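Here is a friendly note to read with the structure open beside you. Take the points one at a time, and try to find each place in the picture before moving on.

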Amino acid sequence: MTKLNPKIPNGQLDQKWTNYKAHQNLVNPSNKRRLDIIVVGTGLAGAAAAASFGELGFNVKVFGIHDSPRRAHSIAAQGGINAAKNYPNDGDSVFRLFYDTIKGGDYRAREANVFRLAEVSNSIIDQCVAQGVPFARDYGGLLDNRSFGGAQVSRTFYARGQTGQQLLLGAYSALSKEIGKKTVKMYTRRDLMDVVIVDGLARGIIVRNLITGEIERHSAHAVVLATGGYGNVFFLSTNAMSSNGSAIWKAYKKGAFFGNPCFTQIHPTCIPVHGEYQSKLTLMSESLRNDGRIWVPKKLEDAEKIRKGTLKAGNLKEEDRDYYLERRYPAFGNLVPRDVASRAAKERCDAGFGVGTTGLAVYLDFADSIKRLGKNVIESRYGNLFQMYEKIVDENPYENPMMIYPAVHYTMGGIWVDYELQTTIPGLFAAGEANFSDHGANRLGASALMQGLSDGYFVLPYTIQNYLANQIQIPTIKTDLPEFVQAEKETKDLIQKLLTINGKNTVDSYHRKLGLIMWDNVGMGRNKEGLTNAIKLIQELKVDFWKNVKVTGTNDQVNPELEKALRVADFIELGELMARDALSRQESCGGHFREEYQTPEGEALRDDKDFTFVSAWEYKGDNVEPEMHKEPLVFEFIEVKQRNYK
Amino acid sequence: MDLTLKIWRQASSKVKGQFVNYQVQNISAEASFLEMLDILNESLVAKGEEPVAFDHDCREGICGACSLYINGRPHGPDRGITTCQMHMRNFKHGETIIIEPWRAKPFPVIKDLMVDRSSFDEIIQAGGFVSVRTGGIPDANSIPIPRRNAELAMDAAACIGCGACVAACKNASAMLFVSAKVSQFALLPQGRIEAQERVQRMVAKMDELGFGNCTNTYACEAECPKEISVSNIARMNREFLSAKLISHKEF
Amino acid sequence: MGKSLTYSSITKKIIMSLAGLFLISFLLVHLGINLLILFDNTYESFNTAAHFMATNPLIQTFQWVLFIGFIIHIIYGIIVQLQNWSARPVRYMKKGYSELSFFSKFMIHTGVVVFIFLIIHFANFFIVAKFGHVDEVTYKSGTYENLGAVVVETFKIGWYVAFYVVALLLLGFHLEHGIQSAFQSLGINHWRYTPVIKRIGTLLSILITLGFIAIPLVIYFS
């Protein structure tokens, strides 16, 4: 258990970060030049960290899977970014942001980390504005805010529906500035294949050049993983096609503990699945719930008729509609947090009230709002979203209610890190969605961008120095060390193995099967039987994969099939760990809903006595059960309460 | 629907490519264009053939990775969207679809329909940023910005860097891309500080990379998935002219 | 000259725009004088104006500026076009069609035809007027070379009129894109004024073309 030291600084909550910075070790400018840092990933956390390291004077190497750092999936975030600026004068404060975040996460996050996040949130906004991020402004020229789920104040800064894009482009511009100055070297189209550990310290990585297939060794004094989440384990998610869990999975297999793998966020407002061939799900901004009313038919026979197409939604009488969120949660209504809204939709569809051809959809109806506010107001608020919906579904949402269904969106779990964002492997850091993060068991809207940029701009540039200060005597790490040779060989063998199986099933077919197992058993509703079954099914799938997968092409060229195969191989193992974690967490909290643990009204039932901890899983070998370590969560400054949205 | 696809196949940048015809059957009108290509690829893999390589990632029109010159139009026949957002209902049963990679000297083909767009990154690295360091920044509200300027800057900043403007332009000019970034910063007080230097550096890099000249044909605006206006190009011309005339230094 | 070839793309376009707009002023003056021929059977006003243009020292100096303007516009036009062609070494199989300014696609083609026309035109009128023999005619105001007669004579030749009309139509197309394009290249784009500039540009190119074409047609068919 000594391995799990969260290293929380002493002092009052609001003094911890200040104290840490005041007493940490720093690296002087002439030594910074001699220290190398590798950053993997170019999203908000990765790009921000790399740019900041470069500005400080370190030698930085950045790796990304895309053709350009600007394509990282942070770009797709729509809604906004939270900060405790209190510009609207509505009573916000750092403490309130901290409190809302920890409560939203159902009390499964570390107090000190979350407070630091809230504390630096304001600097993020300052930084982004200085970079030229065109946030929305009011007529006086000052920054505008909007409200978001789970908060009673308006603290969300936004740039139309493209906040993630604008923030990423800001970080990308900072990164580009450093690349231009040659303090940072960018390696595009590289897939991380392994993390190299020398004498117990992270000393480098093995990457595959996605154009030439070349396996490259890169060394550094410290390695930062900012490779995002692993939602694509479900095959269908709102993640981008190439978002993957391989980097953190390799780190896990090299000894980094995996924190809370089962904490997955299912977003309630996505466009429903429409066909077997579908490759991804599209998110519709949560803000739609501000004016849309969610309902399904009250009677089973009406639902049946709607699915068959013999009855139109608009023709169903008011009294035959079940506005189930308003019915169950009169206080918050359609604005309950994401996990609650998602589960309620699933509950109705499972009970047979779902609409759409598949029965896996509920209505999000704007008819009342259009009547009350006029079509123009609705159009000005959501015009782009309505247009997007119409392009995809080919139905006019002004006339027919939208159909939505929950989809996998974000993974709160990730590599376990301490207060310094350092993993259990010294010298290996994890930032952004890749770490198990500050969101506990459920993330509030507009907090992911905040956390990515906080880690990248304002946390890592400090904490990494505390580690590197002890490394100044170490000359440039040589890449011909036996550990590098070995890691490269293992990578090459793995690729060779995949290419020579030459079975009969495509990689995608395995990914789809895995996704179904995960969605059915490790999705919105989980139970012991399903999870146990899932573990068995996944293990079988793994055996089948390594016997019957077909990977075409060769290694020495662009080979998307090989890339996918490498990722799916890791997803299969990761899926199993998620199921294990979900099985061991015998409570319901946030996005993790165990059907055995619910109140008589069907609400999540937390078990604070036995489960107020972070589960951190240690890899023990292939096909060996991993070991779970517990990091107890101590709440010194807030009172732990049951979430109540009624 | 059944379709004939005429797809550019090229094994690598070093060898010559050619068009190859493929047939796809029973494609749903609800499928997206890239899902249609996924179906083709899965059938090719099943047959042991090399799948068609194409860039794609977010599949919701924001990352800018997808490209494809479809029947003479970047991102296909619909307006204001990327290839990944285009659905097969835009095509008719029995139609032949010609799919080509972006064509421009600074966008060499890597494989099949994938092209190398790192020249765009090089242009940004030449000056597409505000030279602020992390930290030590005054409060975000210390500089009010007229709402209209913020909106215009946002219009320009919406660029996803996909390269459709270059692909559509008969001269393979990158003026819309470059001007979008120049405009975004030129419109904001934060960006004004380096405005003269920025526009000169970025234009010099654009020229050096071998993009064509702008002849104000406006195909870029017509095909831009984010409908970025050519008024940005005029703004850049203005910025450039005044920078050349009064700047203390040439870049 | 070495440096001017390496001017940036935008500088080249700005120079071309300025030269182009300047050449329009020449076209307008030229058209004005030419039209005189239609309203005076004795060609007195036309010949007087021609004489003034040929002898006024200011105009004579200006003629060289004009000449340089042409050369610059043409040279840069060619450089820009060559660069544009080389920017896309591999062409598309299916040609794009989304150009919003249709005639912009043919600037080099219309430009080259206009240039060839210019040389022939130069040989027919300018060189004849300057170095060839032209009969003189005496009016009350004085004795001038009867250039008007030369013009009318030339415009009785069918193929020449046809060529002239075609070349000027192409000039019109060139102008239709060129005028509004010049403003855009100079950075003048405004939600209120650009549509006006575009309309004026189109109108002007139609007027210039019709004006020039009218002269040979009227003469030929009268």
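Predicted model: local features only at pLDDT ≥ 70, side-chain atom pairs only at ≥ 80, totals over all residues.

1. **Who touches whom.** Chain A and chain C do not touch, and their nearest C-alpha atoms lie 21 Å apart. Chain B, in contrast, is in contact with chain A and also with chain C.

2. **The interface of chains A and B.** Here 70 residues of chain B meet 73 residues of chain A. About 6,000 Å² of area is buried between these two chains, and carbon and sulfur atoms give 52% of that area. One to look up joins A:Arg160 and B:Asp155, whose closest N and O atoms are 2.9 Å apart. There are also 46 residue pairs in polar contact between chain B and chain A (both at pLDDT 80 or more).

3. **Which parts of chain B face chain A?** Several elements of chain B each supply at least two residues to the side that touches chain A, among them helix H1 (33-46), helix H2 (118-127) and helix H5 (175-186). Strands E6 (109-111) and E7 (114-115) of chain B are on that list too. The element that gives the most is H3(B), with seven residues. Sorted by class, this side of chain B has 35 nonpolar, 14 polar and 21 charged residues.

4. **The interface of chains B and C.** Now turn to the other pair in contact. How many residues does chain C bring to its contact with chain B? The count is 40 residues of chain C, which are in contact with 50 residues of chain B. The buried area is about 3,500 Å², with 54% from carbon and sulfur atoms. Between chain C and chain B the count of salt bridges is zero, while 24 residue pairs are in polar contact across this interface (both at pLDDT 80 or more). On chain C, helix H2 (9-36), helix H4 (57-86) and helix H7 (158-185) each supply at least two residues to the side that touches chain B. H2(C) gives the most, with six residues. This side of chain C has 13 nonpolar, 17 polar and ten charged residues.

5. **The domains of chain A.** Chain A is divided into domain 1 (13-263 + 412-468), domain 2 (269-406) and domain 3 (502-611). Taken over C-alpha atoms, the centres of domain 2 and domain 3 of chain A are 28 Å apart. Their contact takes nine residues from domain 2 of chain A and eleven residues from domain 3 of chain A. The area buried between these two domains is about 800 Å². One salt bridge is found across their interface. A:Arg328 forms a salt bridge with A:Glu603, the closest N and O atoms being 3.4 Å apart. Three residue pairs are in polar contact between domain 2 and domain 3 of chain A (both at pLDDT 80 or more). Helix H10 (338-350) and strand E16 (402-411) of chain A each supply at least two residues on the domain 2 side, and H10(A) gives the most, with four residues.

6. Is A:Gly292 buried or exposed? A:Gly292 counts as buried because its relative accessibility is 2%, and buried means under 20%. Leaving aside neighbours within four places in sequence, A:Gly292 is in contact with A:Asn334, A:Leu364, A:Asp365 and A:Phe366.

7. **Its contact partner A:Asn334.** A:Asn334 sits in the loop between helix H9 (324-328) and H10 of chain A. At 9% relative accessibility, A:Asn334 counts as buried. The side chain of A:Asn334 makes a polar contact with the side chain of A:Glu326, at 2.8 Å. Not counting residues up to four places away in sequence, A:Asn334 touches several residues, including A:Arg289, A:Gly292 and A:Ile294.

Notes. Residues numbered from 1 in each chain as written. Chains lettered and ligands numbered in written order. Heavy atoms only, no water. Contact = heavy atoms within 4.5 Å. Buried area = accessible area lost by both parts, 1.4 Å probe. Salt bridge = Lys/Arg side-chain N within 4 Å of Asp/Glu carboxyl O. Polar contact = N/O pair within 3.5 Å; in protein donor to acceptor, adjacent residues only side chain to side chain. Nonpolar A, V, L, I, M, F, W, Y, C, P; charged D, E, K, R; others polar. Domains from an automatic or database assignment. Buried < 20%, exposed > 50% of the residue type's maximum accessible area, 1.4 Å probe, protein only.
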